[in-house]
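Me: Got a model open here. Can you walk me through it, overall picture before details?

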Amino acid sequence: MTTITTPTSRLRDLRQNVLAGLTTSFALVPECIAFALVAQLNPLMGLYGAFFICTITALFGGRPGMISGAAGSMAVVIVALVVQHGAQYFLATVVLSGLIMLTFGALRLGKLVRMVPHPVMLGFVNGLAIVIALSQLEHFRITTAGGPQWLQGSALWVMIALTLATMLIVWLLPRVTKAVPPALAAILGVGLVTYASGLHTRTLADMAQIAGGLPPLHLPSVPLTLETLRIIGPYAILMAIVGLLETLLTFNLTDEITATRGQPNRECLALGAANIVSGLFGGMGGCAMIGQTMINLGSGGRSRLSGVVAGVMILLFILFLSPAIERIPLAALAGVMFVVAQETFAWGSLRVLGKVPRSDALVIIAVTVITVLTDLAVAVLCGIVIAALNFAWQHAREVRSDVRDEDDGSRTYVPHGTLFFASTTHFLALFDTGNDPQEVTLDCRHLRLADHSAIAAVQTLAERYTRMGKQLRVVALSQRCSQLLQRAGLPQVA
């Protein structure tokens, strides 16, 4: 079925993507400021990073509609580097991590994300949803001489009331009209009411001043020595791994939501280039941001335009609009992000926990918990390891064999399944070497030899028969496996 595009529909899509990008830009500002503060950097570095990374990935990436920016998952891994060596070493790390991402995309390794099991994806989504919700609680705390403390009295109740009002607008407005993204209407509506009524509450200005100029091109002031590489190398690798993981997992989620397919390798190339440019212009490193991506998609952003608008608006906020943006109540932004967290969490995964295999349920829970307690890279790695071990265990138990006694007095074994490192012990236990006749045939037409452990298992079996003065003949092997066995010294292979 061919979709006919009319001037009216093009104008509607243009308006929808522009509004989606504007909405997303409001949600990017506090997140990027907060992540810069977590990394003990100037908040403007977070905003500059958001501008470069969001704009470049939107223009050249492989997944229209996905939003990238200065992400907290990458910020937390470089705190120690900033504290010990300063911001210039951090900028050099961002550039190096971008080069690693570029290499990853150039080698076309983006397809490796297909190896991430679905339970790991569910755990990733659930974990980040919880992280998004928990991070909003910081807006309900203030820094005092005695350290961070929760808001109290009327200040707390005003924050709670404005947050709930924002959430209600986001939930209820779509039932009335879809002409305006509900998140945008909620942020602007609560902001205008607060400003007009003179209601005192925390605003973006309480986090940081965002006014600034154009970021200058500036090579990181670090010595170009092996010692510098030794310092920044491990952090750059970790930043690249975390950034690529979060980007590719968010990429998969965006594919599912939009029912379209993007280009993962192109996205990796664009992300690498964006991080290099950001580092050279004094910005933080970044990757895809699931919360802002959900806001963009939920607001109707489907094209590159929405991401470009979001990125460019960040720069306009810095250069011209900081007095107005700094008046936005933090409660409005927190309310929007609470709704995003609620919509991001895969509630259906809770219903299926008792229906899926226990190993898959364990993966979902483990990845969720580890994402909240540590970081995404560790969580996804643990999830993949658990899933891989379970896969190996299940397939190892599926190896079986048919036994047939021939008219000439010999015996034929016809094993079925995959022979690999985890199934070799079970495979060897299928043979009764002590009671078998003098001539035994191993028919491999239904057996797949997957790795070197499989070759070694067949070799071990042949040696067992040889020690007992019997002969093992191996038949129906693929050409590749036959050559490998002959190299291993098994002349009985036919």
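Predicted model: local features only at pLDDT ≥ 70, side-chain atom pairs only at ≥ 80, totals over all residues.

Me: What are the helix and strand counts of the protein?
Reply: There are 19 helices and nine strands.

Me: And what does the C-alpha trace span along its principal axes?
Reply: About 100 × 60 × 55 Å.

Me: How much of the protein is buried?
Reply: Of its 494 residues, 52% count as buried. The exposed surface comes to about 23200 Å², with 63% of that supplied by carbon and sulfur atoms.

Me: Contacts next. What share comes from residues 24 or more positions apart?
Reply: They make up 82% of the contacts with a separation of 6 or more.

Me: Which residues touch the most other members in the largest nonpolar core?
Reply: Leu47, Phe90, Leu204, Met284 and Ile314, in a core of 112 residues. Leaving out residues up to four places away in sequence, Leu47 touches Val29, Cys32, Ile33, Ile210, Ile314 and Ile318. There is also a second, separate core of 22 residues, with Leu419, Leu428, Phe431 and Tyr465 among them.

Me: Switching to charges. How many positive and negative side chains?
Reply: 32 positive and 25 negative. The centres of the two sets are 8 Å apart.

Me: Now strands 2 and 3. Parallel or antiparallel?
Reply: Antiparallel. Strand 2 covers residues 141-144, strand 3 covers residues 147-150, and four bridges join them. The two strands form a hairpin, with two residues between them.

Me: Which residue in strand 3 is the bridge partner of Ile142?
Reply: That is Gln149.

How values were computed:
Residues numbered from 1 in each chain as written. Heavy atoms only, no water. Buried < 20%, exposed > 50% of the residue type's maximum accessible area, 1.4 Å probe, protein only. Contact = heavy atoms within 4.5 Å. Areas by Shrake-Rupley, 256 points an atom, 1.4 Å probe, with all protein chains shown as cover. Lys, Arg positive; Asp, Glu negative; His and termini not counted. Charge placed at Lys NZ, Arg CZ, Asp CG, Glu CD. Core = buried A, V, L, I, M, F, W, Y, C linked by side-chain atoms within 4.5 Å. Pairing = 2+ DSSP bridges.
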